[in-house]
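Please open the model in your viewer and keep the selection tool at hand. The stops below follow one another, each with something to select and a note on what is there.

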Amino acid sequence: FLYKKDLPEGKAVRVTEGLDFEFEPQISPDGKSVIFATWSDEFKGAIKKADLKTGKIVSLTDEKGFYYSPRFSSKGDRIVFRKGIGNDVLGYAFGRNTGIFVMPAGGGAKTLISESGIRPQFNKDDTRIYFQGSEGGKKAFKSVDLNGGNERTHYTSTYATQFCPSPDGKWMAFTELFNVYIRPMVTTGSG
């Protein structure tokens, strides 16, 4: 479940009142709402948005599925997320129409950006979508434009587990063989 708390001494209060599992939250750039993925065995998964003041919840996705990694654009007007195929534990019944999608932050039609990849996010000026994929048997940090075109590979690694660009777009942190590395962010790449 999602909770909010005034720092440093506030009391933790639930943001929602639902029974679904709630995970991967992100606060909107204006601080007024939070988006998150949900799961229940009965209703399956969704991307939802909650108003942090009123607690009002809106379901942003229009079909049952396996949803991951919802992230706001830096302007807060759009979100990006991944819809997966499912797995042996949760099943595969709602694992169709998968990939990385962009949609308005208030809900509406979703646009397919990439058929593959995980951990999508907008770049700092909302002109590209970063994601982790693979290339030549290695893990890769890639990006595409907002139409899913002009794919670029920025980094590849045999042993990296996660790539994480800084919010200002100047640095890249990544984990590799139980070590964390930081290097200047490269925004050019093969394309």
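Where is the place of Pro8? Pro8 is in the loop between strand E1 (3-4) and strand E2 (13-14), where helices (H or I, at least four residues) and strands (E, at least two) are DSSP runs numbered from the N terminus. This is a predicted model, in which local features need pLDDT of at least 70 and side-chain atom pairs count only at pLDDT 80 or more, while totals for chains, interfaces and linings use all residues. Residues are numbered from 1 along each chain as its sequence is written, and side-chain values use heavy atoms, with hydrogens and water left out.

Select Leu7 together with Pro8: the peptide bond from Leu7 to Pro8 is cis, with omega near 5 degrees. Then select Asn150, in the loop between E13 and E14, whose phi is near 55 degrees, a positive value in a residue other than glycine. For context, most residues other than glycine have a negative phi, and most peptide bonds are trans.

Next, show the aromatic rings. The whole structure holds eight aromatic pairs, counted where rings of Phe, Tyr and Trp (its six-membered ring) have centres within 6.5 Å, with planes under 30 degrees apart taken as stacked, over 60 as edge-to-face and the rest as tilted. Select Tyr130 and Phe141, whose ring centres are 4.9 Å apart and whose planes are at 40 degrees, so the pair is tilted. This pair links distant parts of the chain, with Tyr130 in strand E12 (residues 128-135) and Phe141 in strand E13 (residues 138-145), eleven residues apart.

On a 1 Å grid over the protein atoms alone, a pocket is an open set of points with protein on both sides within 12 Å along at least five of seven lines, a cavity is a set where a 1.4 Å probe fits but cannot get out, and lining residues have an atom within 4 Å of a point. Grid points are joined across faces, edges and corners, and a volume is the space filled by probe spheres set on the points. Of the 31 lining residues, the closest to the pocket centre are Gln121, Phe122, Tyr130, Pro165 and Ser166. Strand E7 (66-72), strand E11 (118-122), E12, E14 and E15 each supply at least two residues of this lining.

Finally, select Leu60, Thr61, Asp62, Tyr67, Phe81, Met103, Gly108 and Lys110, which line the largest cavity, a space of about 40 Å³.
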